[in-house]
Amino acid sequence: MAAEIVNPRSDSTDQDGGAEPLDSFDPAFALHRGGKMAVQATVPVRDKDDLSLAYTPGVARVCTAIAEQPELVHDYTWKSSVVAVVTDGTAVLGLGDIGPQASLPVMEGKAILFKQFGGVDAVPIALDCTDTDEIVDTVVRLAPSFGGINLEDISAPRCFEIERKLQERLDIPVFHDDQHGTAVVTLAALRNAARLSGRTIGDLRAVISGAGAAGVAIAKMLVEAGIGDVAVTDRKGIVSAGRDDLTPVKRDLASFTNKAGLSGSLEDALAGADVFIGVSGGTVPEAAVASMAKGAFVFAMANPNPEVHPDVAHKYAAVVATGRSDFPNQINNVLAFPGIFAGALQVRASRITEGMKIAAAEALAGVVGDDLAADYVIPSPFDERVAPAVTAAAAAAASGEGVARR
């Protein structure tokens, strides 16, 4: 029997004399009771004939065929239509290191988003270990059951190494959504913001607040897309080659960002900048926002409190985006990862390439079309055109880059 969740602060009791269940006054708990997902069969088992095909003896013929021709696993099992959503619970939403069990509601949520927005089945897997090599070895051993691996809510800098090692050892896509999903949607919104103002990505100088998973990935993607320049800041200021306190990840970051050679604080970097991208939390002083170039873009994406409140940002910026659903222009990863994985699985891609991600961003930006406006540079997750457009773009790019296997 499942343990009952109770409100420790409640003085009320139920008929059995226990504390009142949280379900009774919080709809979030009511929705989550029993979990948000279940396994459902895709074939009927109505009689002994069905049973003999779904299980023994019929299943043995399929197993033997796969043993002789391993590639048949994609046609005769669920492998090519299912993704593992893997976490160690060390960087969950804005909650931080809350552990694997507490992370499960988020992983279940991610799995249902895969299904709802991409038609992709997903299985949440929360690992009770945080050692990089242990995580890699565990996922490698699980991988034969899945067509792709979505890494989720794993803290930096371990997330970079885990993703790299897994992709080196596996021949299926490995995608850390906190990095790449955020980057894809950010690039799409930035392309449209630039188009709205009659500029291109190459005309812009951007500043990213946060040198963690999302910040590093956004910087890489903007450079790949041809940004004029981008500087990244951490708690100690602008990440630059002249600093002697950089981690290996940040040293690499400094090697391809900040062409202008800026040094100093976030405020110093923002003076005259065209774009602010916030993925770090904290608060940016209004004076620093005011110092940005005329017609600037502010993408303050921290949740629940953006680095720059939209009311402040609108005083100075031509386009404002956040990570919140109650303001226009929400930078939401669900716009990217379901379609990217659907496209990769569709063509049995061996990996998700930079080209696939950029193609996804371009397709996502294209959904906005002629409806482009300051409060509409990125479509809604509920726009039914999004997933098909991103899926098709990712699949086509995989074929063009030689990573597709059908």
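**Note on cavities, pockets and salt bridges**

1. One cavity of 30 Å³ or more is present in the structure, which is a predicted model. The largest cavity holds about 70 Å³ of space. Its lining is made up of H74, K79, S80, F146, G147, I172, P173, A344, L345, R348, A349 and R405. Sorted by class, six of the lining residues of the largest cavity are nonpolar, three are polar and three are charged.

2. The second largest pocket has a volume of about 880 Å³. Its lining counts 26 residues, and those nearest the centre of the pocket are V39, Q40, A41, T42 and W78. At least two lining residues come from each of α2, α3, α5 (100-118) and β2 (121-126). By class, the lining of the second largest pocket has 19 nonpolar, four polar and three charged residues.

3. Y55 sits in the loop that runs between α2 (48-54) and α3 (58-68). Y55 counts as exposed because its relative accessibility is 56%, and the cut-off for exposed is over 50%.

4. Salt bridges number 22 in the structure. One of them joins E152 to K110, with the closest N and O atoms 3.2 Å apart. This pair links distant parts of the chain, 42 residues apart: E152 is in the loop between β3 (148-151) and α7 (158-169), while K110 is in helix α5. Both E152 and K110 are buried.

5. E168, at 56% relative accessibility, counts as exposed.

6. D245 and K236 also meet through their side chains in a salt bridge, with an N to O distance of 3.6 Å. D245 has a relative accessible area of 34%, so this residue is partly exposed. K236 is exposed because its relative accessibility is 64%. D245 and K236 are part of a network of salt bridges that also links D234, R243 and K250.

Conventions
Residues are numbered from 1 along each chain as its sequence is written. This is a predicted model: local features need pLDDT of at least 70, side-chain atom pairs count only at pLDDT 80 or more; totals for chains, interfaces and linings use all residues. Side-chain values use heavy atoms; hydrogens and water are left out. Helices (H or I, at least four residues) and strands (E, at least two) are DSSP runs, numbered from the N terminus. Buried means under 20% relative accessible area, exposed over 50%, partly exposed in between (1.4 Å probe, protein chains only). On a 1 Å grid over the protein atoms alone, a cavity is a set of points where a 1.4 Å probe fits but cannot get out, and a pocket is an open set with protein on both sides within 12 Å along at least five of seven lines; lining residues have an atom within 4 Å of a point. Grid points are joined across faces, edges and corners, and a volume is the space filled by probe spheres set on the points. Ala, Val, Leu, Ile, Met, Phe, Trp, Tyr, Cys and Pro count as nonpolar, Asp, Glu, Lys and Arg as charged, and the others, Gly among them, as polar. A salt bridge is a side-chain nitrogen of Lys or Arg within 4 Å of a carboxyl oxygen of Asp or Glu.
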